[in-house]
Amino acid sequence: MNYLIEGIAFICCLIMLLLALKQDLKKREVTDLLWIIFGIIGIITLIARILIEKTPTENLALPIILTSIFMAILYFLGKKSDLLFIGPADLKAVIIISFY
């Protein structure tokens, strides 16, 4: 396990969540640009894990796929039933965090 990659991923997640919190408190909305930037950084850390740590891709892909499916189900069920369990920013945040 490369602790440098883990440390960078942790710091990036923390910064992402703090920036999202700041935007959410200020405007009650989080811009898609934030999610795009941190999504790209998440993909880069994912690639680094594959290349540097030699982590098998199925060990990394399965949690991302399962998290994405579970969060999408929660989001769309909440939207259909008018009981919004999670908002769009929550959906994007959790899926992006799964890349880290």
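Reply: Let's begin with a word we will need: a contact means heavy atoms within 4.5 Å. In this predicted model, residues 24 or more positions apart account for 58% of the contacts with a separation of 6 or more.

The chain has 4 helices and 0 strands, so its pattern along the sequence reads α-α-α-α. Its C-alpha trace spans about 45 × 30 × 15 Å along the principal axes. Of the 100 residues, 30% count as buried. The chain exposes about 6800 Å², and carbon and sulfur atoms supply 75% of that area.

Now for the close look. Two packed helices are described by the angle between their axes and the distance between the axes. Here the pair is helix 3, residues 57-81, and helix 4, residues 88-99. Their axes come within 9 Å and cross at roughly 170°. Because angles over 145 degrees count as roughly antiparallel, helix 3 is roughly antiparallel to helix 4.

Which residues in helix 3 and helix 4 meet? From helix 3 come Ile64, Thr67, Ser68, Met71, Ala72 and Tyr75. On the helix 4 side you will find Pro88, Asp90, Leu91, Val94, Ile95, Ser98 and Phe99. Sorted by class, this contact of helix 3 with helix 4 has 9 nonpolar, 3 polar and 1 charged residues.

How values were computed
Residues are numbered from 1 along each chain as its sequence is written. This is a predicted model: local features need pLDDT of at least 70, side-chain atom pairs count only at pLDDT 80 or more; totals for chains, interfaces and linings use all residues. Side-chain values use heavy atoms; hydrogens and water are left out. Axes are lines fitted to C-alpha atoms, for helices over the stretch in contact, and angles run from 0 to 180 degrees between N-to-C directions. Helices (H or I, at least four residues) and strands (E, at least two) are DSSP runs, numbered from the N terminus. Angles under 35 degrees count as roughly parallel, over 145 as roughly antiparallel, 65 to 115 as roughly perpendicular and the rest as oblique. Ala, Val, Leu, Ile, Met, Phe, Trp, Tyr, Cys and Pro count as nonpolar, Asp, Glu, Lys and Arg as charged, and the others, Gly among them, as polar. Buried means under 20% relative accessible area, exposed over 50%, partly exposed in between (1.4 Å probe, protein chains only). Accessible areas come from the Shrake-Rupley method with a 1.4 Å probe; for residues, only the protein chains shown count as cover.
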